[in-house]
Amino acid sequence: MSTTLDPVISPTPRSVKPVAVIDIGTAAIRMAIAEIKSNGDVRNLESLSQAVGLGRDTFTRGSISKATIEDCVRVLKSYRRILRENLIDSPDQIRCVATSAVREASNRLAFLDRVYIATGLHVEPLDESEVNRVAFLGIQPLIARDERLSKSHVVVAEVGGGSTELLLLKGTDVVYAHTYRLGSLRLRETLEAYRAPTLKLRNIMENHIQRTIEEITETVKPQGSLELIAMGGDVRFAARTLQSGWDGKDLARLKVSALEDLTNKLLGQSEDRLVTKYHLTYPEAETIGPALLAYVMLAKQLQLKELLVSNLTLRDGLLIEMAAGAGWSKEFSKQIVRSAMDLGVRYNYDDVHAGHVAALCSSLFNELREEHQLSPRHEVILCVAALLHEIGLFVSNRSYHKHSMYLIRNSELFGLGRKDQLLAALVARYHRRASPQPTHEGYATLDRDERVVVSKLAAILRVAIALDESRSQRIHQVSCLKEDGRLVISIPLVEDLALEQLALKQNGSLFEEVFGLPVLLRMAKK
């Protein structure tokens with residue numbers, strides 16, 4: 001049900017920034033309005049929700065109907081009016097995202113353009129890895145402050161309308177992240193294709209869910225000290241039904257048997273009855289049974305007698321991300337690098353050389369800030385490319401830089417969206433041989449700013465690789481200064497730099513092309 005806010009009368013203090021996030025989901029468009037304080041704390045003020053039929057359209061016909069698009073425009077226009085009343089109008093105050101129903105629609109671009117023309121809102125379709133990233137940002141602080149959870153393996157699962165997002169954490173470290181095409185609304189639409197008795201439909205539903213759960217448990221093995229945290233509106237409803245006093249501030253702990261009993265009761269009732277008895281909307285009544293059944297079957301497959309329920313939403317994670325600004329936190333960056341190292345192990349990479357090149361890249365990146373003018377986020381992308389630049393050797397010695405690009409681009413790396421993953425893949429591809437060219441695969445799809453980023457990062461990577469040409473990791477410190485139109489890299493405690501200087505001469509031309517500076521190595525004075 002939609003609510004309205006009283007307009008803010010007095011100006012907001014400078015130390016507090018009013019913001020909003022809008023989540024265009026499979027069955028509803030939801031908006032959260034909050035304040036971000038100067039210290040990064042987030043204070044939620046209000047939430048709004050309006051039902052829409054995006055998932056029903058996309059998961060049955062593959063595209064969003066004109067009528068549904070106009071329904072979405074109507075809702076978003078009403079949200080925009082409320083935001084203006086509350087002095088939230090600039091682009092840096094609003095983030096509008098869409099999930100699987102928009103991401104998978106064949107007329108996705110037409111939908112995005114129509115929304116922008118009608119409302120001025122830039123809708124950002126989140127890919128699977130970005131949704132997992134936002135979920136991690138929300139759940140990580142909660143796990144960090146719980147001693148029991150921080151010492152356990154924790155499965156975080158959210159059964160949405162179109163997909164199931166899953167994270168496996170060991171303490172606060174991400175071990176595994178994946179998105180499965182199992183969603184409560186997608187499942188409901190699939191079942192409507194069958195003309196079968198209710199009991200038969202239940203069996204079909206369980207078979208669909210079981211196939212996905214078996215995929216999950218190939219990676220997530222039942223073991224001691226394993227906890228399951230369930231997220232999502234359907235399981236929050238179950239927690240409030242089974243624990244009437246739950247206020248959402250702490251995790252709710254539910255017995256799987258009690259959740260199973262409630263699920264069976266809900267699946268045995270008509271949608272009209274669910275709406276009347278539990279005060280659900282019709283879209284919620286459609287999905288509540290299939291979603292809860294998926295949680296029950298997952299918990300039982302993991303041999304758990306209890307599961308935890310979090311009150312966190314996608315919007316909470318987005319607000320945390322807005323509070324952090326354009327950069328990535330140190331903890332989150334660590335998870336991305338960890339994921340890249342895990343991928344490197346899978347392809348038998350030289351971890352010592354790759355890790356040292358990544359460390360040299362970080363040193364050069366920080367020494368050259370005045371020249372490259374890039375953000376800390378780009379340093380993480382550079383480190384990922386450095387760690388993985390040789391994994392193409394797993395395929396073949398010939399043109400292995402291109403194989404590295406392919407493997408990075410088509411693997412799962414936690415925390416990197418598709419565009420950032422493409423940037424990392426291209427930087428690794430250009431660590432040797434040809435400079436970036438407009439006709440090259442992937443590179444041709446970038447805009448100018450992104451092309452410049454790739455060139456800058458690849459140039460730095462080539463210098464770092466040259467500094468470990470001996471593969472002895474003998475160069476640990478570098479300092480850079482401009483002198484007589486050259487970049488001079490001073491290196492202490494190394495007597496003979498002939499090998500590295502030769503490698504730089506052979507592979508350092510890209511740096512001069514990009515930054516306009518030839519590179520000279522020099523032994524630092526004692």
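In this predicted model, Arg 56 and Glu 286 are joined by a salt bridge, with their closest N and O atoms 1.9 Å apart. The two partners come from distant parts of the chain: Arg 56 belongs to helix 1 (residues 54-61) and Glu 286 to helix 12 (residues 282-301), a separation of 230 residues. Their surroundings can be read from relative accessibility. Arg 56 has a value of 31% and therefore counts as partly exposed, whereas Glu 286, at 11%, is buried. As a general point, side chains of opposite charge can pair when their charged atoms come close.

A second salt bridge is found between the side chains of Glu 227 and Arg 148, with an N to O distance of 2.9 Å. Here too, distant parts of the chain are linked: Glu 227 lies in strand 9 (residues 226-231) and Arg 148 in helix 6 (residues 147-150), 79 residues apart. Glu 227 is buried, with a relative accessible area of 6%. Arg 148 has a relative accessibility of 52%, so this residue counts as exposed, the cut-off being over 50%.

Lys 334 and Asp 173 provide another example of a salt bridge, their closest N and O atoms lying 3.5 Å apart. This pair connects helix 14 (residues 330-346), which holds Lys 334, with strand 8 (residues 173-180), which holds Asp 173; the two residues are 161 residues apart. Lys 334 is partly exposed, at a relative accessible area of 42%. Salt bridges can also share partners, and in this way Arg 148, Glu 227, Arg 253, Lys 255 and Glu 306 are joined into one network.

Attention now turns to Arg 315, a residue of helix 13 (residues 314-324). Why does Arg 315 count as buried? The reason is its relative accessibility of 11%, which falls in the buried class because that class covers values under 20%. The side chain of Arg 315 makes a polar contact of 3.2 Å with the side chain of Asp 23. Leaving aside residues up to four places away in sequence, Arg 315 touches Val 21, Asp 23, Arg 30, Met 31 and Ala 32.

The buried residues are Ser 184, Leu 185, Arg 186, Leu 187, Arg 188, Glu 189 and Leu 191.

Technical notes
Residues are numbered from 1 along each chain as its sequence is written. This is a predicted model: local features need pLDDT of at least 70, side-chain atom pairs count only at pLDDT 80 or more; totals for chains, interfaces and linings use all residues. Side-chain values use heavy atoms; hydrogens and water are left out. Buried means under 20% relative accessible area, exposed over 50%, partly exposed in between (1.4 Å probe, protein chains only). Helices (H or I, at least four residues) and strands (E, at least two) are DSSP runs, numbered from the N terminus. A salt bridge is a side-chain nitrogen of Lys or Arg within 4 Å of a carboxyl oxygen of Asp or Glu. A polar contact is a pair of N or O atoms within 3.5 Å; within protein, one must be able to donate a hydrogen and the other to accept it, and residues adjacent in sequence count only if both atoms are side-chain atoms. Contact means heavy atoms within 4.5 Å.
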